[in-house]
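Biologist: I have a new model open and want to go through how it is put together. Start wherever you like.

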Amino acid sequence: MELTLAHWLYLVGTLLIILTMLFRQNVVVPALVMSFFVAWSFTGSFLDGIQAIFNANLTAASELFNIFLIIAVMTALLRSIQSIGADEQMIQPLQKVMKNGPLAYWVLVVVTYFLSLFFWPAPAAPLIGALLIPVAIQAGLSPIGAAIAISLAGHGMALSSDFILKVAPELTASGSGVLAAGAIGEQTLILSLIAGAISLGIAYVMVRKSMRKPAKQNLTEWENSGDNDLNIREDDTNIKKGKYSPVFAFLVPFIFLVIVTYVVIATFSDVIPAIDEGAGSSLVGGTAILLIIVMSLFRNYKQTLQEVSDHIVNGFVFAFKVMGLVIPVAAFFFIGSGELAGQIFGTDPDTTPSFLFDLVQESQAYIPDNAFFTALGVLILGMVSGLDGSGFSALPLIGSLSEALAATTGLDPTTLASIGQIGAIWVGGGTLIAWSPIIAIAGFAKVSVIDLVRKSFIPVSIGLFVTMIAALLFF
């Protein structure tokens, strides 16, 4: 289709937001202003442009509420665990494994990767963040190091192949008549491991110098940092250690281990019913809420009604603090989706252009007819398509583009599609997008989500480029 002024304004807004982030400035104002200009240009109405600012933020809040809710619930669970005095006892066995910063980093990587393969990282990362980040920090790993390890292993390495649930390869294959989801899944598994090994290795070298000697003081300083309500303080809630503390120190991780085991068995056999796609967050969140209620009953049944309410309210307060920066930026990028843009502008979604996808599709004509540049072009197109904060929405487009470009270069369309899928999900799935589920990771680590994205940029970019080269050499 022909690009309009609204398309070019959307491109300007995208570049402006990226540059603002790179210069370590707040991106909220550019996102809000450019949302207004894009809407005004498309609708031709100044008033509709003003209304679109609010509607875009409302749509973003609605689309991101599942992330918001899991942050709130897991924060409430952590507060409940701390209030009953089970937190220190629960992490003692883990301290024997996470003896120092380097071990803590790689333990986080391994645990996050395998949990994210079965759960997807959105529900797995908050669980890991709530239970393991404090242990890692006490072992000497820096908060940003812990956040990077979880982000790259979960939202990058595990999600980009989606080898167990297979949603991503099926979406990629759906955009083409010659691609097979199974073949894409096999290639993306290998490529994701290459990208993960390189990016995580580079990131480890970057955070190695910030590691400290294991000490309780590390955890104390971290707990007292920032202005959020993630940690319990004596004046907030009376910590009551008693005979039930060791019970829940064992019971909480055991129950979540049972959930993981259930998902694994359901995935590979028909012995038990499998959970529905995307039900991981619901299962983890619902279990967390029941645990909060049970712990409050055992802690002081007379105060259960008030205490459970306080934990959940504090969880929502923390989630609002974490999400506040992200919603306006996500609102701008949701305008790039035709369906969501239709909701925002109040127009027919079938006739509302997908600004981001249109720009990506238009740019394919400028990719040189050469194997290397074609692969690089597909990688970049995949990365750009992930700017909507999903990584999945553009996969059918990646599949169709790969089929078309492979015919002119002689490359295997499966390889091109795998490269594009890796690029789209590593970026849009969360490692380089601040308006994505990595908000939860940054929140639990008490670091700025913008800083997390910025620190991840070099490792991820190098990892994806080397992975592209490896794909051309081996497939």
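Biologist: How do α3 and α15 lie relative to each other?
Modeller: This is a predicted model, with local features needing pLDDT of at least 70, side-chain atom pairs pLDDT 80 or more, and totals for chains, interfaces and linings using all residues. Numbering starts from 1 along each chain, and side-chain values use heavy atoms, without hydrogens and water. The helices (DSSP runs of H or I, at least four residues, numbered from the N terminus) pack at about 100°, axes 8 Å apart. Axes are fitted to C-alpha atoms over the stretch in contact, and angles between N-to-C directions run from 0 to 180 degrees. α3 and α15 are therefore roughly perpendicular (65 to 115 degrees).

Biologist: Which residues make the contact?
Modeller: A56, N57, T59, A60, A61 and E63 of α3 meet I327, P328, A330, A331 and F334 of α15 (heavy atoms within 4.5 Å).

Biologist: And how do those residues divide?
Modeller: Into 8 nonpolar, 2 polar and 1 charged. Ala, Val, Leu, Ile, Met, Phe, Trp, Tyr, Cys and Pro count as nonpolar, Asp, Glu, Lys and Arg as charged, and the others, Gly among them, as polar.

Biologist: New topic. What domains is the chain divided into?
Modeller: Domain 1 covers 5-64 + 327-474 and domain 2 covers 66-322, with bounds from an automatic or database assignment.

Biologist: How many residues of each are in contact?
Modeller: 46 residues of domain 1 touch 59 of domain 2.

Biologist: What separates their centres?
Modeller: 26 Å, taken over C-alpha atoms.

Note on methods
Helix = DSSP H or I, 4+ residues; strand = E, 2+ residues; numbered from the N terminus. Parallel < 35°, antiparallel > 145°, perpendicular 65-115°, else oblique.
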